[in-house]
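Welcome to this set of exercises on reading a protein model. Keep the viewer open and try each task before you look at its solution.

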Amino acid sequence: MKLPTRVKLVDVGPRDGLQNEKQPVSAEVKIGLVHRLQDAGLKEIEVTSFVSPKWVPQMADAASVMHGIVRKPGVLYSVLTPNMKGFEAAIAAPREEWPDEIVVFGAASEAFSQKNINCSIAESIERFAPVVAAALEKGIHVRGAMSCTVGCPYEGEIAPAKVGYLAQLMKGIGVQRVDVADTIGVGTPRKVQGAMEATLAHFDVDAISGHFHDTYGQALVNTLAALELGVWNFQSSSAGLGGCPYAKGATGNVATEDVVYMLHGMGIETGIDLDKLIDAGVYISEALGREPNSRASKAIRTKRAG
Ligand code: HMG
Ligand code: MG
């Protein structure tokens, strides 16, 4: 199949990237990261989560971050809202501070659903349904994240049928697009394609994104495998930040810098300025006191230093 000629990337670093950080990161730094990402040309940014601060303390400042960002026209800002309480908190602010899109997040694995959001898959769908309906009614877009679509830290390998089942349930409650997530980064290309194909039975290719953690170093090749199926939306974190607090051993998302380097090298357009993106990754890594977790960033910075 002919590969897509352009790709849209969602940088999930401010949310997925930072949610797992033990050391406090100020709202000001998170806002600074969002600003640098939009200046680098990102058209979608996952900013924060309206979740329980007892479960994910790092996201406790969600409202302050949404309040502090200065939005750039044409950029879509999304937030995670697992229940009505989260949704209500996300729209408690004046309309101009509302997210453009909310994300409900479920799992293809029962055990992960329990660990991550404290309920079964069926119960999660019951919780999401009113959130989805309320968001759509207010003109807010709705995305559904599907965790553990190839492997689960508790159940092991996940069959594509389980992914198809979750995708069907998401579609049934009005979710407009879905993320096929390899939460713990265990997937390999054919397995990822199996999860994608199961999702394609329920969602149009334009409504599917790949969300690959890079634990086993497979995220780039899995991105290519998804591109082969025509998928052209992907999620990644600047500086390779990230991990899920409820997925032991899972490392960050694939670095946005690495994905952009690969895509540009293949002549696939992203609209992203790689140099500015590298600087955004350096900014957040310096705030965390470490090096960006991106090979492309390292190589390009070494070359810059001459
Ligand atoms: P629960 O304990 O079942 O909920 O949590 P509850 O309704 O029984 O409420 C318990 C307490 O939480 C109450 O407070 C509520 O007020 C509070 P208390 O009375 O004990 O003081 N509460 C909330 N507070 C703020 N915002 C809310 C909220 N809801 C309840 N929205 C819940 C259910 C889902 C909230 C909880 O399990 C939770 O917050 N989990 C966090 C899950 C999370 O953020 N995980 C990481 C993101 S998902 C991810 O990373 C995967 C992804 O990247 C894709 C991939 O890679 O796989 C998307
Ligand atoms: Mg994730």
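**Exercise 1. Is Ala145 buried or exposed, and what is its relative accessible area?**

*Solution.* Before starting, note that this is a predicted model, where local features need pLDDT of at least 70, side-chain atom pairs count only at pLDDT 80 or more, and totals for chains, interfaces and linings use all residues. Residues are numbered from 1 along each chain as its sequence is written, chains are lettered from A and ligands numbered from 1 in the order in which they are written, and side-chain values use heavy atoms, with hydrogens and water left out.

Step 1: recall the scale. Buried means under 20% relative accessible area, exposed means over 50%, and partly exposed is in between (1.4 Å probe, protein chains only).

Step 2: apply it. Ala145 has a relative accessible area of 14%, so it is buried.

Step 3: Ala145 belongs to strand β5; strands (E, at least two residues) and helices (H or I, at least four) are DSSP runs, numbered from the N terminus.

Step 4: look across the fold. Arg177 is 32 residues from Ala145 in sequence, and their C-alpha atoms are 8.7 Å apart in space.

**Exercise 2. Find the protein donors of the magnesium ion (ligand 2).**

*Solution.* Step 1: know what counts. Donors are N, O and S atoms within 2.8 Å of the metal (3.2 Å for Na, K and Ca); water is not among the atoms, so sites may look incomplete.

Step 1: read their spacing. Along the chain the donors follow D-x194-H-x1-H. Because Asp16 sits in helix α1 (residues 13-19) and His211 in strand β9 (residues 208-212), this pair ties together parts that are 195 residues apart in sequence.

Step 2: check burial. Asp16 is buried at 3% relative accessible area, and His211 is buried as well, at 6%.

**Exercise 3. Describe the surroundings of ligand 1.**

*Solution.* Step 1: count the shell. Ligand 1 is surrounded by 27 residues, and the closest are Gln19, Lys54, Asn83, Ser147 and Thr183. A residue is near a molecule if one of its heavy atoms lies within 4 Å of it.

Step 1: look at single atom pairs. A polar side-chain atom of Asn83 is 2.8 Å from a nitrogen atom of the ligand. From Ser52, a backbone N or O atom lies 3.0 Å from an oxygen atom of ligand 1. Gly86 also places a backbone N or O atom 3.2 Å from a nitrogen atom of ligand 1.

Step 2: Taken alone, ligand 1 exposes 1100 Å², and the protein buries 76% of that. Such areas come from the Shrake-Rupley method with a 1.4 Å probe; for residues, only the protein chains shown count as cover.

Step 3: name the elements. Two or more residues of the shell come from each of α1, α4 (84-90), α5 (110-117) and β5 (141-147). Helix α1 gives the most, with three residues.

**Exercise 4. Which residue makes a side-chain polar contact with Arg290?**

*Solution.* Step 1: use the rule. A polar contact is a pair of N or O atoms within 3.5 Å; within protein, one must be able to donate a hydrogen and the other to accept it, and residues adjacent in sequence count only if both atoms are side-chain atoms.

Step 1: find the partner. The side chain of Glu21 makes this contact, at 2.3 Å.

Step 2: locate it. Glu21 is in the loop between α1 and α2 and is buried, with a relative accessible area of 14%.
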